[in-house]
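Please open the structure in a viewer and keep the selection tool at hand.

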Amino acid sequence: MRREIAASGNDGPVESTGAPPAPGRRRPVPAGRPPARRFVLPPWLDGPMTSCQLVLGAAGMLLAIGLVMVFSASAIEAALDDQPAWRPGVEQVVFAVLGLGAALVAVRLPVRFIRRWATLGLVVAAVLLVLVLVPGIGLRLNGSRAWIDLGFTTFQPSETAKLVFALWGAHVLATRERFLTVRTLLVPLLPVFAALSFLLYREPDFGGIVSLGLVLVGLLWAGGLPLRWFACFAVAGAALLAVMVAGASYRLERVTSFLDPFADPSNAGFQAIRGFYALATGGLWGVGLGNSAMKWNLLPEAESDYIFAIIGEELGFLGCLVVVALYGVLAWAGFRIARRSADRFVQLACVAITVWLVGQAALNMGYVVGLLPVTGLTLPLVSAGGTSLVLTLFIVGLLIRFARSEPEAVEHLRRTDRGRLSRWVLPVPERAVAPLHPRRPRRPERAGRGAGHPGPDGGPPAPRAAGSGARTVARVVPVPPGERVPRERPAARERRTPDGRGRVPEARRQPPPRARASAPEQPRRPR
C-alpha cells in the first residue's frame, strides 16, 4: 500500500465511490494527473430534511401560482355568466384548504396502514368506476361520463383509481421483492391495468388511461423491468392508440388538429390556435397579471386545461420557465426520496407517484405549446378543479411522509427538540422500514402467578412455571482440584432422541407392573 501511494504521487484524500475495489484490478493512477472528483452538492441541498423541504417549497409555490391564475382566468367568464367574479377563485381556495387538511392526514398515515388497506382501496376504486357508468349515477360532461354529482361539487373516481393503483402496485412488488421475476412483475400489474383501462375507456376518458399508463411505467421502471420490455410496450401501445383513434371521430379530429391546427381553425383547431396566440402575445415578460385578452371567452377551458397558456400570456416566458423549473424540482425531490429511502414500498410508491405527477404536467404543457395532441389532462396543483386538487395535495402529503421516513431524517428528527404542536402535527416515524406484520408484544403476567406475588393461601410466592418467560438460575457447586465433576444422568422421560421430540425409545420403555410380573424373565445378552 505504501509503494502504491509513493508511485502515484498523490498524498491527498481520495473520495470513495461507495463500492470496494476488486482485488487485483486496481487501475494505476498516472503520475501528474489529479484524481477525478465527483460533483458534490452544497450543504443546504444535501441535508437530512432536504427532500421534505424541496417537496414543501415546490408544491407550495405551484399551489400559490395556481390560486392566483385561477382567480385571473375565471373571473371574466364568471361575470359573463351573471355570477360573482370572485366565486370560482373562492371555490378553488376552499378546495385548497380541504386539500391541505388531506395532506396533514397523509403525513400522519403509517406506512403499515397504507399497505394493509391498499387492496381494499383498489376494489373500492373499481366499484366506483363501475358505478360512474350507470346513467342515473354518473354525470356526463363534455361527452364523457366520468363524474359523480355530490351536490356541492363533482367527484371523479378515475383520479382516486390512479393513486390507489400506484399504492397497491408498490405494495405487491415490495411483497414479492425476494422472488421477483419478469413474470411475477408483469402478471399482477398488467391484468389490473387492463381492467381499469377498460372501465375508463367505457366512460370514455382517454386522458385517464394515459395517466394510468404513467403510473404503470413508474412501477415497472422502479421494479427493475428490462428496457427491451419497454420497447415492446411502446410498440403495443402505439398500435392500441391507432386502433382507439380510428374507432372514434373526435379522437381522430384531435390528432389531425395537432398535426395541422390551421387546417380547421374554426372547429378542431380552434382551441390550439387560441393557445398559440396567448403564448405569442405574452412574449418574454408577459402583458401583466390580469391583463389577458384570451380569457374574455376566447380560449375554451382557460382556467383548467389551458391555464398554462394564460400563464404564458400574463407572466410571459419567464413565468412559464418558473413553472417548469418547479415541476423539475418536484421530480428531483421525488426521485431523491426513492433513492435515499430504506423501505422498498416507499421507493416504488415514490417513483410511481413522481412519474405520474410530472408526466401529467409534461403532457399538459406539451399539448398547450403544440408538441402533443390534446388529451384533456390538467396541470397538477395549478389548474382549476375540486377533487383533483384535493387528491393532488394528498399525494404531496404522502411524499412528505415518505421524505420524513428516510433514515437520516428519522435520526435528525429524534435529535431535534420540537414543540408539542409540531410533535402532534408531524410525528416522528417509528423506524425507517415499517414491517408489514409486526410482532405482537408479550401478554402481561397475571397477578399472583409471577415472582414476588403471594400465593393463594397468603404463603410464600408460587414458583413460576418453566417456559413462561422466567429465568432458571443454576447453582454451581465448587469442585476440589483433582476430582472429576460427576455427570448427572437425566431421567428417562427427560431424555431426548436424535429427532428432538423428547420421546423415550421403544426398547427402553417398561411394561406395566402386572404385565411385568406375568411375563417370563428373558436372559440378558452379555455385553
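**First stop: a pair of helices**

Select helix H14 (residues 344-368) and helix H15 (residues 387-404), which pack at an angle of about 145 degrees with their axes 11 Å apart. Please bear in mind throughout that this is a predicted model. To display the contact between the two helices, show the side chains of Phe345, Val346, Ala349, Cys350, Ile353, Thr354, Trp356 and Leu357 on H14. On H15, the residues that make the contact are Leu391, Thr392, Ile395, Leu398, Leu399 and Phe402. As H14 passes H15, the crossing is left-handed.

Now centre the view on Phe402. Which residues does Phe402 touch, leaving aside those up to four places away in sequence? They are Val111, Ile337, Phe345, Val346, Ala349 and Cys350.

**Second stop: the nonpolar core**

Widen the view from Phe402 to the largest nonpolar core, which has 105 residues. Select Leu163, Phe165, Phe345, Leu398 and Phe402, the residues with the most contacts inside this core. Which helix gives the most to the core? It is H14, with 15 residues.

Return to the two helices and follow the chain into the loop between them, where Leu381 lies. Although Leu381 is not a glycine, its phi is positive, at about 70 degrees. Is Leu381 buried or exposed? Leu381 counts as buried because its relative accessible area is 5%, under the 20% limit.

Next, select Glu301, in the loop between helix H12 (270-282) and helix H13 (307-340). Glu301 is likewise not a glycine, and its phi is positive, about 55 degrees. Its relative accessibility is 34%, so Glu301 counts as partly exposed.

Move to Glu203 and Pro204, and display the backbone. A cis peptide bond joins these two residues, with omega at about -5 degrees. Pro204 is placed in the loop between helix H8 (189-202) and H9.

How many of the residues of H9 are buried? The number is 15 of 18, and the helix is thus mostly covered. After H9 comes Gly224, with a positive phi near 95 degrees.

**Last stop: the sheet**

Finally, select strands S1, S2 and S3, which form an open sheet in that order with antiparallel pairing. The edge strands are S1 and S3 (154-155), each of which pairs on one side only. Strands of a sheet pair through backbone hydrogen bonds, either parallel or antiparallel.

Zoom in on strand S1 (residues 138-141) and strand S2 (residues 144-149), whose antiparallel pairing runs over four bridges. Within this pairing, Gly138 has Ile148 of S2 as its bridge partner, and Arg140 has Arg145 of S2. The two strands form a hairpin with two residues between them. To end the tour, select Asn142 in the turn, where phi is positive at about 55 degrees.

Methods: Residues numbered from 1 in each chain as written. Predicted model: local features only at pLDDT ≥ 70, side-chain atom pairs only at ≥ 80, totals over all residues. Heavy atoms only, no water. Core = buried A, V, L, I, M, F, W, Y, C linked by side-chain atoms within 4.5 Å. Buried < 20%, exposed > 50% of the residue type's maximum accessible area, 1.4 Å probe, protein only. Contact = heavy atoms within 4.5 Å. Pairing = 2+ DSSP bridges. Axes fitted to C-alpha atoms, helices over the stretch in contact; angles between N-to-C directions. Left-handed = near helix turned anticlockwise from the far one by under 90°.
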